[in-house]
Amino acid sequence: MQRLTNGQRLQLAYRKHIAPYSNYVQCAVTLTLKQTALIRVRRFENYGDECYEFRDYLDEDKLSSTIRFFTAQLTNELYGNKAKHKNKQDWAKPLVIAVVEGRNTHKLTHLHLAIGNIPTTHLGNIAHHTQAAFQRCDFANKQLCVKHVTSGIGWLGYITKEVGYTDNDALDIVSSTIPPFIQHSICTESRLLTA
């Protein structure tokens, strides 16, 4: 029997950690980011249309902020005001598992997302909703790919391919979004169910 390297063990641990979410994954999304962006900010809230422009570079903080902003925009596209209602917040948000690639290689920085919990009314035009949400991000590039998934575990395996080899921090657990009802459905520890 061949012995696993530390990188292979790390990759298997990440895949085991996110495998329970594979049953909920409906779409595979790849978003390419710009390395720099021209940002426009209005100078005054109530007066005039004057804007201040500056060029900013993509770093770790802006990358995390972009993922959170995209998730908020996608939530708004799919659920609208339902996501703000207290009695609907348990289910009115998409499942978004985010992986960042290209930080340590020659490729452009891009995001692989496993998206689920999409309402059936929006599933047919999810590419349009994803593009609308992504275009509002400052570092959004033109390259965007949205596909329906037939094997959630296969897509989760693909997006974690760099873990243990090129980038151990590729899976961005902090920026990923898991609706509470999905978390409760896969959680088996009683101490976590009461939290």
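Two strands pair, in what follows, if DSSP finds at least two bridges between them. Helices (H or I, at least four residues) and strands (E, at least two) are DSSP runs, numbered from the N terminus.

With that in hand, to the model. This is a predicted model, so to speak of local features we need pLDDT of at least 70, side-chain atom pairs count only at pLDDT 80 or more, and totals for chains, interfaces and linings use all residues. Residues are numbered from 1 along each chain as its sequence is written, and side-chain values use heavy atoms, with hydrogens and water left out.

The overview. The protein chain has seven helices and seven strands. Along the sequence they follow the pattern α-β-β-β-α-β-β-α-α-β-α-β-α-α. The C-alpha trace spans about 70 × 45 × 35 Å along its principal axes. The accessible surface is about 11,700 Å². Carbon and sulfur atoms hold 51% of that surface. Those areas come from the Shrake-Rupley method with a 1.4 Å probe; for residues, only the protein chains shown count as cover.

Burial next. Buried means under 20% relative accessible area, exposed means over 50%, and partly exposed is in between (1.4 Å probe, protein chains only). The protein chain has 195 residues, and 42% of them count as buried. Now contacts, meaning heavy atoms within 4.5 Å. Take those with a separation of 6 or more: 71% are between residues 24 or more positions apart.

Now the sheet. What is the strand order? It is β6-β1-β5-β4-β7, an open sheet of five strands with antiparallel pairing. The edge strands are β6 (140-148) and β7, each pairing on one side only. From one strand to the next, the twist averages 20°.

Start with β5. Seven of its seven residues are buried, so β5 is largely enclosed by the rest of the structure. Both faces are covered. On one side sit His110, His112, Ala114 and Gly116; on the other, Leu111, Leu113 and Ile115.

β5 has neighbours to show you. β1 joins β5 through seven bridges, running antiparallel. There, alanine 28 has alanine 114 of β5 as its bridge partner. β4 also pairs with β5 in the antiparallel sense, over seven bridges. Valine 96 stands opposite isoleucine 115 in β5. Glutamate 101 has histidine 110 of β5 as its bridge partner.

Move on to β7. β4 and β7 pair antiparallel over three bridges. Alanine 98 stands opposite aspartate 172 in β7.

Asparagine 117 lies in the loop between β5 and α3. Its phi is near 55°, a positive value in a residue other than glycine. Asparagine 117 counts as buried because its relative accessibility is 17%.

α2 covers residues 60-79, which is 20 residues. Expected span is 1.5 Å times one less than the number of residues. For α2 that should give 28 Å, and the end C-alpha atoms are 28 Å apart, which agrees. The buried residues of α2 include Leu63, Ile67, Phe70, Leu74, Leu78 and Tyr79. What covers the buried residues? The cover includes β1 (25-33), β4 (95-101), β5 (110-116), α3 (120-123), α4 (126-135) and β7 (171-177). After α2 comes glycine 80, with a positive phi near 60°.

α4 lies across β1 and β6, and runs at about 155° to β6. For that angle, axes are lines fitted to C-alpha atoms, for helices over the stretch in contact, and angles run from 0 to 180 degrees between N-to-C directions.

Last, the cysteines. A disulfide is a pair of cysteine sulfur atoms within 2.5 Å. By this rule the count is zero. Cysteine 27 counts as buried, at 0% relative accessibility. Cysteine 51 is in no disulfide either; its nearest cysteine sulfur, that of cysteine 137, is 19 Å away. Cysteine 51 is partly exposed, with a relative accessible area of 27%.
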